[in-house]
Amino acid sequence: MNFSTRAIHVGQEADPATGATIVPIYQTSTYTQEEIGKDKGYQYSRTGNPTRAALEKCLASLENGKHGLAFASGLAAASAVLSLLRPGDHIVSAEDLYGGTFRLFEKVYLPQQIAYTLVDGRRPEEFGKAIRKETKLVWIESPTNPLLHLVDIEAVAQISHERGILLAVDNTFATPYLQKPLTLGADVVIHSTTKYIGGHSDVIGGAVITDSDAIFQQVKFYQNAVGAVPGPFDSWLTLRGIKTLALRMRQHSENAQKIAEYLAGHPKVKKVYYPGLPKHPQHSLAERQMSDFGGMVSFEIGGGRDVANSFFKALNIFSYAESLGAVESLACYPVVMTHGSIPREERERRGINEGVIRLSVGIEDIQDLIEDIRQALTACRADCKG
Ligand SMILES: Cc1ncc(COP(=O)(O)O)c(C=O)c1O
């Protein structure tokens, strides 16, 4: 079965109890058992729930993985993977990553004696140099948030595996429709399903997908023991979003490409970050590793915070809002939103300065979106030249 068919059908057979074509929302915490030790596969909904099970099966299939586990948020999923580590272990991570994941490394796991080293993910050899004998996990995002850098997943998988280390890939930005990290050699994939997988800005969720029985057993144990699971309705909403993932990703990518090209020619824009532009330094890696370039575009304007603020205030269709990956277009200011938890000097060293604006390009009409950006840039001070 191909991707779109799997998105619509895997895990979603007609309900065995009633024939319902769409997976029902099993809004129950518990399950009546026939006698001691005799149940229908479910006992308690933290441990397992049929609506969540359908979602988990579908997610695994989309990533070409054997096992899927759903969580209450992307960070709960990330934390479940980090729970594989023990005090004294060490992580090597690409430095350009979601601020909340950085906060998890720094404020939750470092105090538990799990250290980390950040490297420039664009250079695979940097991972090899940072690996030490305590290193147990390499962590990457690709494309990265918010600068749309790429990490060569195959190369980093090879470096990690030569040293017996697991590779985890946060595939939130690309989605399994555009990129399949397990097929490229990763051991585990993490998602914030809040984003493209859910796709409609109406549900928070996360996922872990792996081929490894051992990783699955440990993460499943953690899922039940810690209990950060999505409820049946959230699982259902996510599953409903997945059905149109392929369609949406095609339109997101088409719209984002056009917006990136428009911004690249605008006199008030200093830089555009989009892997689909031939000028992007890793355009050829993006062509090799992804089937299209996705819906995220970042750019830098001159003039800093005041100018960025006039841009956000002038927008009519794009909402100035956190998050990404939904049908509606959003504009975000990484220095105060997604990356506010990273110290200023560190953030600026990485190029996330006060001129950087991140767009999550939705699937509205492209002419309307370009017109919205055009008029918002016109509203910015004339001296904020790129
Ligand atoms: C790349 C990436 N990973 C993980 C997360 C965390 O996901 P959640 O907000 O669902 O906890 C986010 C959230 O913005 C993200 O952008």
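Predicted model: local features only at pLDDT ≥ 70, side-chain atom pairs only at ≥ 80, totals over all residues.

Biologist: How many residues surround the ligand, and which are the closest?

Modeller: One begins with the shell of neighbouring residues. Here the ligand is surrounded by 13 residues, and the closest are Gly74, Asp170, Ser192, Thr194 and Lys195. By class, the shell consists of three nonpolar, seven polar and three charged residues.

Biologist: Which side chain has an N or O atom 2.6 Å from a nitrogen atom of the ligand?

Modeller: Polar contacts are pairs of N or O atoms within 3.5 Å. The side chain in question is that of Asp170. Ser192 also contributes through its side chain, with an N or O atom 2.8 Å from an oxygen atom of the ligand. Leu75, by contrast, takes part through a backbone N or O atom, which is 2.9 Å from a ligand oxygen.

Biologist: What percentage of the ligand's accessible area does the protein cover?

Modeller: On its own the ligand has 390 Å² of accessible area, of which the protein covers 90%.

Biologist: Let us turn to the cysteines. How many disulfides does a search of the whole structure find?

Modeller: The search finds zero. A disulfide requires two cysteine sulfur atoms within 2.5 Å. For Cys332, the closest cysteine sulfur belongs to Cys380 and is 16 Å away, so the two are too far apart for a bond.

Biologist: Is Cys332 buried or exposed?

Modeller: Cys332 counts as buried because its relative accessibility is 1%, under the 20% limit. Cys58 is likewise buried, at a relative accessible area of 0%.

Note on methods:
Residues numbered from 1 in each chain as written. Heavy atoms only, no water. Near = heavy atom within 4 Å. Polar contact = N/O pair within 3.5 Å; in protein donor to acceptor, adjacent residues only side chain to side chain. Areas by Shrake-Rupley, 256 points an atom, 1.4 Å probe, with all protein chains shown as cover. Nonpolar A, V, L, I, M, F, W, Y, C, P; charged D, E, K, R; others polar. Buried < 20%, exposed > 50% of the residue type's maximum accessible area, 1.4 Å probe, protein only.
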